[in-house]
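Trainee: I am new to this structure. Please pick out how its parts pair up, and take me through that closely.

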Amino acid sequence: MECVDGENDNVDQKLVNTVVEENCTKDESDKLAEPSESKIPKTDLKEKQFDIEVKVIFNKKKYDVSVSPSLTISEFKKQLQDLLGVPDSMQKLMFKGLLQDNQTISGSGIIKGSKIMVVGSTLNDVLAVSSVTKQDVAEMEKASTTKEPLCKQKIHRKVLDKGLPEDIMPGIKNIKEGLPSVPLSGMLNKHGGKVRLTFKLENDQLWLSTKELTEKLPMGSIKGVVSEPIEEHEEYHLLACSWVPMEASRYWIYWVPAQYVDIKDAILKWQYF
């Protein structure tokens, strides 16, 4: 009997050892089947932003444009510059209101299929409005040889003879003020259109606004600034300037308040800062 019991004990021990070995083998196999975090890095697909297709509308034409949601509006304008022929500084983007340069595409609520309206003028449009005619050039050349005051020249009389604009800002003689912090309004260009000047010193820009457009001119691009008092209205001046890329033409502004005549010197000095 004792011999039989010993044999049974040996058999039981063998069964236990076999089960343990099988379990160990199964555990090791399960571990091998599990993915290793060190070998397979996790990727967060939410962090990666793919380009989206949007509709850009300009001058009644529609353009399909791919844009990254992380792009700022300012950067998007640069992307549109070559496509539309409108300098980024002359663009205004509209989507549920005016978009600000520091906003991002995604932050503005723009998604795939959104329609974005672009308002702006091409350089050709600006030059067409600002450039002088052959007759204007001939008259200016004639005036320069006779040394006739600007306000007496025929090219300027067309505007000056209409008299002071009703909404012109008050002009003050014998007082000089620096660049104003508020827009100068009520002035006229050579076509008789309203002109407003806004000095954005924090952006190093002069904003020249008409009914048709607002041109944001870097201070360093403004050249050939001249000014002269208007006879019988010495509290106001004629002022002219040109800027790249239209250096050959001068942009004339009439009825500039005399206290701001130092605009000319201030612009030129500002370019050296």
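**Pairing, strand by strand**

Mentor: Start with K55: its bridge partner in β4 is K115. This is a predicted model, with residues numbered from 1 along each chain as its sequence is written. Local features need pLDDT of at least 70, side-chain atom pairs count only at pLDDT 80 or more, totals for chains, interfaces and linings use all residues, and side-chain values use heavy atoms, with hydrogens and water left out.

Now some terms. Strands (E, at least two residues) and helices (H or I, at least four) are DSSP runs, numbered from the N terminus. Two strands pair if DSSP finds at least two bridges between them.

Strand β1 (residues 52–58) meets β4 (residues 115–119) in the parallel sense, over three bridges. Both belong to an open sheet of four strands, in the order β2-β1-β4-β3, with mixed pairing. Its edges are β2 (61–67) and β3 (92–94), and each pairs on one side only. From one strand to the next, the twist averages 30°. Angles run from 0 to 180 degrees between N-to-C directions; axes are lines fitted to C-alpha atoms, for helices over the stretch in contact. Helix α2 (residues 73–84) lies across β1, β2, β3 and β4, at about 130° to β2. Contact means heavy atoms within 4.5 Å.

Next, the other sheet. Seven strands form an open sheet in the order β8-β7-β6-β5-β11-β10-β9, with antiparallel pairing. The edge strands are β8 (214–218) and β9 (222–230), each pairing on one side only. Here too the twist averages 30° from one strand to the next. Strand β7 (residues 205–209) runs antiparallel to β8, and five bridges join them. L208 stands opposite E215 in β8.

Side chains come next. K200 lies over the face of W207, at 4.8 Å from the ring centre. The rule: NZ of Lys or CZ of Arg within 6 Å of the ring centre and within 35 degrees of the ring normal.

Rings of Phe, Tyr and Trp (its six-membered ring) pair if their centres lie within 6.5 Å; planes under 30 degrees apart are stacked, over 60 edge-to-face, the rest tilted. By this rule there is one aromatic pair. The ring centres of Y236 and W255 are 5.8 Å apart and the planes stand at 80°, so the pair is edge-to-face. Y236 lies in β10 (residues 233–243) and W255 in β11 (residues 251–257), so the pair ties together parts 19 residues apart in sequence.

Buried means under 20% relative accessible area, exposed over 50%, partly exposed in between (1.4 Å probe, protein chains only). Y236 counts as buried at 5%. W255 is buried at 1%.
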